[in-house]
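Let's take a walk through a protein model and look at what holds its pieces together. Keep the picture handy as you read.

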Amino acid sequence: AECVSGCVCPQGLFDDGKGGCVEEKDCPCIHNNQWYSHGEEITVDCKTCICQSGGWSCTKGGVCYGTCTIYGSGHYITFDGKFYDFDGSCEYVATQDFCGEKNSRSSFSIITENVLCGTTGVTCSKAIKVFLGVSNDIQGLENKDYKEIQRDIGDKVHYRKRTAGLYLVIEASNGVMLIWDKKTTIFIKLTADYQGKVCGLCGNFDGKSNNDFTTRSGLQETSALEFGNSWKQSYTCPDVTEEILPCSVKPHRKSWAEKECYLIRSAVFEICHSKVDPNPFYEACIHDACSCDSGGDCECFCSAVAAYAQECLKAEACVFWRTPDICRELTVKHT
């Protein structure tokens, strides 16, 4: 409609996205709304990618893990990224590789024990049992420690235990890794060898989130309640029949919860917002802050924010959100 001032690169040169002109061989690349110069390297989904002349050249990276997250009062993120809530008070199969196929052998099983963690009816993961092969039983990741029962039969699966910052890490030789914050957050990591070969509350790890609600009997469910109930270890445990809304039960806590949890939506995490949707984590944070009414208010809030920070880290958006006033970092002895 009118002539406006602007700039055009001379013939043979290209816009570099920063207001300059470069030769084609020096063109930058873009990923998640960020610009990268020619020759810069990033890691995405276990691939190492190098920016070359405006395009990405990617090669297979190192060991690729899928991650399932269980945190707070009944929040789950499956290996394929499905986010859902399930408040069951029982022991449940988080994930295992024995899924009913004929002639299949189990090389591992991870069981989560969920207990009531407030007066509103929500549950938290209190303990984890890890069965490796049929010879090791690492039992009771609970109360900031663990114990082990050795069995002298069957195949031996070696593992090692180490501390990394706030977390206890158990890494097994069969491609199973468990990362525990010694509170209510557990990350279960599996190598790509298990893709499509596992089942449980963490889904089937086949790259598709729409079929993660597969019950123990192999049926597809749309309800998180029906799906979760199918994976309980004891049929004497009652089924979960309704979704618990702690902010409705404790409405006086809601405004405080919203104020505290806004940190996830704030400028502190701005670098991550375009990479990981903050809304489900914000809602989960409010849910936990309302339900944590038996002490440990700040601990529940901190765990909820830390879960979003961890997803940001996986998306290569490192956020330093802890301060002396907000969930300050504790000194942890490394082993």
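This is a predicted model: local features need pLDDT of at least 70, side-chain atom pairs count only at pLDDT 80 or more; totals for chains, interfaces and linings use all residues.

**Charged pairs**

Lys259 has a relative accessibility of 62%, so we call it exposed.

How many salt bridges are there by this rule? The count is seven. Another one pairs Lys314 with Glu311, at 3.3 Å from N to O. Both residues belong to helix α6 (residues 297–314), where they sit three residues apart, or about one turn of the helix. Is Glu311 buried or exposed? At 12% relative accessibility Glu311 is buried, while Lys314, at 42%, is partly exposed.

Salt bridges can also share partners, and that is how Arg160, Arg162 and Glu171 end up in one network. Within it, the closest N and O atoms of Glu171 and Arg162 are 3.6 Å apart. Arg162 is partly exposed, with a relative accessible area of 26%.

**An aspartate in a loop**

Now find Asp181, in the loop between β18 (176–180) and β19 (186–191). Asp181 is buried, at 13% relative accessibility. Its side chain comes to 3.0 Å from the backbone nitrogen of Thr185. Setting aside residues up to four places away in sequence, Asp181 touches Leu166, Tyr167 and Ser303.

In soluble globular proteins, nonpolar side chains tend to be buried together. Here, the largest nonpolar core has 38 residues, and those touching the most other members are Phe79, Tyr84, Phe108, Ile110, Ile188 and Leu190. Elements that each supply at least two residues of this core include β8 (65–71), β12 (108–116), β19 and α1 (224–230). Zoom in on Leu190: leaving out neighbours within four places in sequence, its contacts include Phe79, Phe108, Val176, Val198 and Phe205. A separate core of 30 residues includes Phe281, Ala284, Ala307 and Tyr308.

**Sulfur links**

By the rule used here, the model has ten disulfides. Here are three of them:

| Disulfide | S to S distance |
|---|---|
| Cys9 – Cys21 | 2.2 Å |
| Cys49 – Cys58 | 2.1 Å |
| Cys99 – Cys199 | 2.2 Å |

The Cys9–Cys21 bond is left-handed, because its S-S torsion is about -90°. Cys9 lies in the segment before β1 (13–15) and Cys21 in strand β2 (residues 21–23), so this pair ties together parts twelve residues apart in sequence. The Cys49–Cys58 torsion is about 110°, so that disulfide is right-handed. Cys49 is buried at 5% relative accessibility, whereas Cys58 is partly exposed at 41%.

The Cys99–Cys199 disulfide is left-handed, with a torsion of about -105°. It links distant parts of the chain, 100 residues apart: Cys99 in the loop between β11 and β12, and Cys199 in the loop between β19 and α1.

Cys27 is buried, with a relative accessible area of 11%, and Cys318 is partly exposed at 45%.

Conventions
Residues are numbered from 1 along each chain as its sequence is written. Side-chain values use heavy atoms; hydrogens and water are left out. A salt bridge is a side-chain nitrogen of Lys or Arg within 4 Å of a carboxyl oxygen of Asp or Glu. Buried means under 20% relative accessible area, exposed over 50%, partly exposed in between (1.4 Å probe, protein chains only). Helices (H or I, at least four residues) and strands (E, at least two) are DSSP runs, numbered from the N terminus. A polar contact is a pair of N or O atoms within 3.5 Å; within protein, one must be able to donate a hydrogen and the other to accept it, and residues adjacent in sequence count only if both atoms are side-chain atoms. Contact means heavy atoms within 4.5 Å. A nonpolar core is a set of buried Ala, Val, Leu, Ile, Met, Phe, Trp, Tyr and Cys residues joined through side-chain atoms within 4.5 Å. A disulfide is a pair of cysteine sulfur atoms within 2.5 Å.
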